[in-house]
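Colleague: Could you take me through this structure and set each value against the rule behind it?

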Amino acid sequence: MDRFAWASGLLEMNETLVIQQRGVRLYDGEEKVKFDTGVLLLSTHRLIWRDLKNHECCIAVPLSQIVFIEEQAAGIGKSAKIVVHLHPAPSNKEPGPFQSSKYSYIKLSFKEHGQIEFYRRLSEEMTQRRWENMPVSQTIQINRGSQAGRIRAVGIVGIERKLEEKRKETDKNISEAFEDLSKLMEKAKEMVELSKSIANKIKEKQGDITEDETIRFKSYLLSMGIANPVTRETHGSGTHYHMQLAKQLAGILQSPLEERGGIMSLTEVYCLVNRARGLELLSPEDLVNACKMLVALKLPLRLRLFDSGVMVIELQSHNEEEMVASALETVSEKGSLTAEEFAKLVGMSVLLAKERLLLAEKMGHLCRDDSVEGLRFYPNLFMTQS
Amino acid sequence: MHRRGVGAGAIAKRKLAEAKYKERGTVLAEDQLAQMSKQLDMFKTNLEEFASKHKQEIRKNPQFRVQFQDMCATIGVDPLASGKGFWSEMLGVGDFYYELGVQIIEVCLALKHRNGGLITLEELHQQVLKGRGKFAQDVSQDDLLRAIKKLKVLGSGFGIIPVGGTYLIQSVPAELNMDHTVVLQLAEKKGYVTVSEIESSLKWEMERAKHVLEHLLKEGMAWLDTQAPGESQYWLPALFTELYSQEITPEEAKEAIP
C-alpha cells in the first residue's frame, strides 16, 4: 500500500475514465487497511480509490506501477478479489497514506461484486498501456469500441476460454514465483544487514580481527554478492577462490599466450576462458580479482594496466619494452603506420597494436600525426637525428 | 590525598582492562561470523528451494529477470558479482549473463572497423540474437545492458551512452566526454550532424564543434561527407543501421574470435 499517493480524484487533461465500481475494500498484501468502503475507479492512467463517506479521502496509483494482476475467486463469506502486484515505489513518489509496506501487492475486494468486469477492463488497460501515449480518443469512442469487441462468434468462445485458462495458469505460476522471490529477498536483506554490522565491528576493532577471519568474512560476502562494506572493494576480492582461480588461469593461459606473442587483452582472456568452460562461467570481476593475485602468487603471468585503462595479461617472460624496439623497426621500414596497418602486418589485435605503438611513443621512439584521417605513427627523428 | 586513575599502578590496571576488552571484542567478531555462517547455510537452503521451483522462470522470462535484478539492487546485493556466488551457482543467473557478455564482446569486435566501436543497443540486440540461433533463450535489451555494465571492469572501454530514447554502446577505450556525448545525442535524430546544427542547437562556437567532430572522425566513429549539399555532414555509422545493417562477414568474425 505504500505505492499509493494522495490524490484529488480529478482526472487529468488526457486521462479518461474506463470503469468504476462501488463497494471496494483495499488490502495491503493480506492485511485489511482502513480503506474499507469506497469507490474504485479505473482510468487510462491510474487506479483511484475514493472513500464513499469522506470524498476528501482519495488515493491513487499509476497503472505503470503494476507488474501484473490476477483474480481471486470468492469463497464462503469472502468477496471476490483482484490481486495487484506492484513495482517498488519510486523515490520521487508523492506522499501517500503509507510510508512503507512489507508487501509488494495489494488486493481489491469487491464486496458489491463487479469484479469480473473490472478485471477485464483492467487487463485491457494493462495490455493497451494507453498512459504511454497521449490518448486522443474521447470517452464515447472508447466505450463503443469495447462494446463491439464483446460480441463474438460462438465457436471462438471455447478457444478463447482455453487461452484464458492457460493464461491464468501462467499467471498463477508467475505470481507464485513473484511471491517466493519477495520472501527470498527479505531473507537476503537480513544477510546484508548482518554483514554491515560485522563490518562495523571490524572497523571498531581495527587490527584485532585475524587475517583468517577477514578472509572468511570476504568469502561470505562473495557468496551473497555483497560489496565489502569496510573497504568498498569489489565483492570478496582476495579470497581463497580467487587464489585457486589464479593458479588455474596460469595453467590455461600459458599456450594461448605463447601463440599470441605473449600478450592478450583481458577481454580476450574472458572470452577464451568462458568459451572453454562452457558451464560455471567466470564473472568479469572474478577474472579481474584472480588476475590481481597472479604476481603475489609468483605465477608466470601478470596483469598489466596501460594508461588508456586497457588491461592485459602478459607472460612474465614477455617484455613489452623489447617488443617496442621491434615495433620501431617495423614502422621505420614502412615509413609510417596506423594501429590498424601495424596490427595486420604483425598479426595482433588492433587494440594491442595501438597500445604497443602508444608505449613506443611514450618511450620516445615514435611520433604521432593526429589528423582527421586517423592516428599515424612515425619514427621519432628528433631522437635519432640530433 | 589519593587521586584516582593516576600513577603507574592505575595505568597498568587500565591497560589490563583494555586488553581484556579487546579480547572480548575479538570474541564478539568471532561470534558474529559464526552466526553469519549459520545464516548463510539457511539462506542457501532457501535459495535452493526457490531455484528448484523457479529456476526455469528466470531463464525463460525476461520480465521476471528484471524483477529479480531490481529487487537485488534494492537490497544491496549483486547477483552477478561472482560465478562463485550462491545466485550464480544455484539459479544459474551468472552463466546466462556471463555468456551474453562473451557474445556482446564478439559482436562489437566484429563490427568495430565499421562503426568505430559505437553501436546502438538495437543493432547489438539484433546481432546477438542472430548469433544465438533460434533455439536459444530469449534475451532482452535489459539483459544486454546488465551484461555490459559487468564488462566495464575488464578495462576495454565498454560504456553505455544514452541518446534519444535508446542507448549507444561503446566498446573501445576512446575517451568520450560530455561534449562528445551531447553531439552524439544531437546526431541521433538523423544519423548525422553538421557544424551549423551544433552551433545553433547547443550554442557552441565553431571551434568547439569542430574539435568534437574531429575527435569522432579520428576514432572512426564518424564519417565525413563533403559532397553533401550545403555544408559537410558528419555521419555516425552506428546510427544508420537501416542502410547498412548487414551480416557479419567471415573476415569480421575472425577478428572477433580470440
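Modeller: Axes here are lines fitted to C-alpha atoms, for helices over the stretch in contact, and angles run from 0 to 180 degrees between N-to-C directions; helices are DSSP runs (H or I, at least four residues) numbered from the N terminus. This is a predicted model, in which local features need pLDDT of at least 70 and side-chain atom pairs count only at pLDDT 80 or more, while totals for chains, interfaces and linings use all residues. Residues are numbered from 1 along each chain as its sequence is written, chains are lettered from A in the order in which they are written, and side-chain values use heavy atoms, without hydrogens and water.

Colleague: Why are H5(A) and H6(A) called roughly perpendicular?

Modeller: Helix H5 (residues 240-259) and helix H6 (residues 266-277) of chain A pack at about 100°, with their axes 11 Å apart. Angles of 65 to 115 degrees count as roughly perpendicular, and therefore H5(A) and H6(A) are described in that way.

Colleague: Which residues of H5(A) and H6(A) meet?

Modeller: With contact meaning heavy atoms within 4.5 Å, A:Leu245, A:Gln248, A:Leu249, A:Leu253 and A:Pro256 in H5(A) meet A:Val269, A:Leu272, A:Val273 and A:Arg277 in H6(A).

Colleague: What makes A:Arg275 and B:Glu106 a salt bridge?

Modeller: The rule asks for a side-chain nitrogen of Lys or Arg within 4 Å of a carboxyl oxygen of Asp or Glu, and the closest N and O atoms of A:Arg275 and B:Glu106 are 2.9 Å apart. Across the interface of chain B and chain A, the rule finds 5 salt bridges.

Colleague: How many residues of each chain are in contact?

Modeller: In chain B 62 residues are in contact with 65 residues of chain A.

Terms used:
Helices (H or I, at least four residues) and strands (E, at least two) are DSSP runs, numbered from the N terminus. Angles under 35 degrees count as roughly parallel, over 145 as roughly antiparallel, 65 to 115 as roughly perpendicular and the rest as oblique.
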